[in-house]
Amino acid sequence: VGRAQPSPTIDVANYTSVMDACAMVARWGVCLTMLSEMSERSLRASAVNFGVALSACRSGENWEQALRLFCNLRSAGAEVDAVCASIVLSACAKADQWAHC
């Protein structure tokens, strides 16, 4: 009678979309949780995913978390690019934390 519905496949693009929406309202904690979930699901986060999370940290005025995340990009297997570096610099500048850049 009741066949089980297959669960939908969640991919990197889905995560990116949700993370982007969260970044727009400075929900950096949700973005970081989603990065962890991606790793747990064996999905490789791209520089775009990290850039979105970094933007959320910047918008949420959490320059320290942005800096930590940026330092972990390579170990997470993502490419460090100019966009991510620029976002971190902007987060530190916004908080007047130039000494950390």
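Me: What is the volume of the largest pocket?

Reply: In this predicted model, the largest pocket has a volume of about 210 Å³. Among the residues that line the pocket are Leu32, Leu35, Met38, Phe50 and Leu69.

Me: Which helix gives the largest share of the lining of the largest pocket?

Reply: Helix H2, residues 28-40, gives the largest share, with 5 residues.

Me: How do the residues of that lining divide into nonpolar, polar and charged?

Reply: The lining holds 8 nonpolar residues, 3 polar residues and 1 charged residue. Arg44 belongs to the lining, and arginine is counted as charged. Ser36, Ser39 and Asn72 also line the pocket.

Me: Why does asparagine 49 count as buried?

Reply: Buried means under 20% relative accessible area. Asparagine 49 has a relative accessibility of 0%, and therefore counts as buried. Asparagine 49 is part of helix H3, residues 47-59.

Me: Which residues are in contact with asparagine 49, leaving aside its neighbours within four places in sequence?

Reply: With those neighbours left aside, asparagine 49 is in contact with Val12, Tyr15, Thr16, Met19, Leu35 and Met38.

Me: What makes the span of helix H1 agree with the number of its residues?

Reply: Helix H1 runs over residues 12-24 and has 13 residues. At 1.5 Å a residue, these should span 18 Å. The end C-alpha atoms of H1 are 18 Å apart, so the two values agree.

Me: Which residues of H1 are buried?

Reply: Tyr15, Thr16, Met19, Cys22 and Ala23 are buried in H1.

Me: Why is it said that the buried residues of H1 line one face of the helix?

Reply: Seen down the axis of H1, the buried residues fall within an arc of 130°, so they line one face of the helix. Ser17 and Met24 are exposed on the other side of H1. The cover over the buried residues of H1 includes H2 and H3.

Me: Why does glutamate 40 count as exposed?

Reply: Exposed means over 50% relative accessible area. Glutamate 40 has a relative accessibility of 66%, and so counts as exposed. Its place is in helix H2. Glutamate 40 and alanine 23 are 17 residues apart in sequence, and 21 Å apart in space from C-alpha to C-alpha.

Me: Why does alanine 26 count as partly exposed?

Reply: Partly exposed lies between the two limits, under 20% for buried and over 50% for exposed. Alanine 26 has a relative accessibility of 24%, and therefore counts as partly exposed. Alanine 26 is found in the loop between H1 and H2. Its phi is near 60°, a positive value in a residue other than glycine.

Me: Why does glutamate 61 count as exposed?

Reply: The relative accessibility of glutamate 61 is 62%, so this residue counts as exposed. Glutamate 61 lies in the loop between H3 and helix H4 (63-71). Phi of glutamate 61 is near 55°, which is a positive value in a residue other than glycine.

Me: How many helices and strands does the chain have?

Reply: The chain has 5 helices and 0 strands. From the N terminus on, its elements run α-α-α-α-α. The C-alpha atoms of the chain fill a box of roughly 65 × 25 × 15 Å along the principal axes. Of its 101 residues, 34% count as buried.

Definitions and conventions:
Residues numbered from 1 in each chain as written. Predicted model: local features only at pLDDT ≥ 70, side-chain atom pairs only at ≥ 80, totals over all residues. Heavy atoms only, no water. 1 Å grid on protein atoms, 1.4 Å probe; cavity = no way out; pocket = protein on both sides within 12 Å on 5 of 7 lines; lining within 4 Å. Points joined across faces, edges and corners; volume = space filled by probe spheres on them. Helix = DSSP H or I, 4+ residues; strand = E, 2+ residues; numbered from the N terminus. Buried < 20%, exposed > 50% of the residue type's maximum accessible area, 1.4 Å probe, protein only. Contact = heavy atoms within 4.5 Å. Expected span 1.5 Å × (residues − 1). Arc of directions from axis to C-beta.
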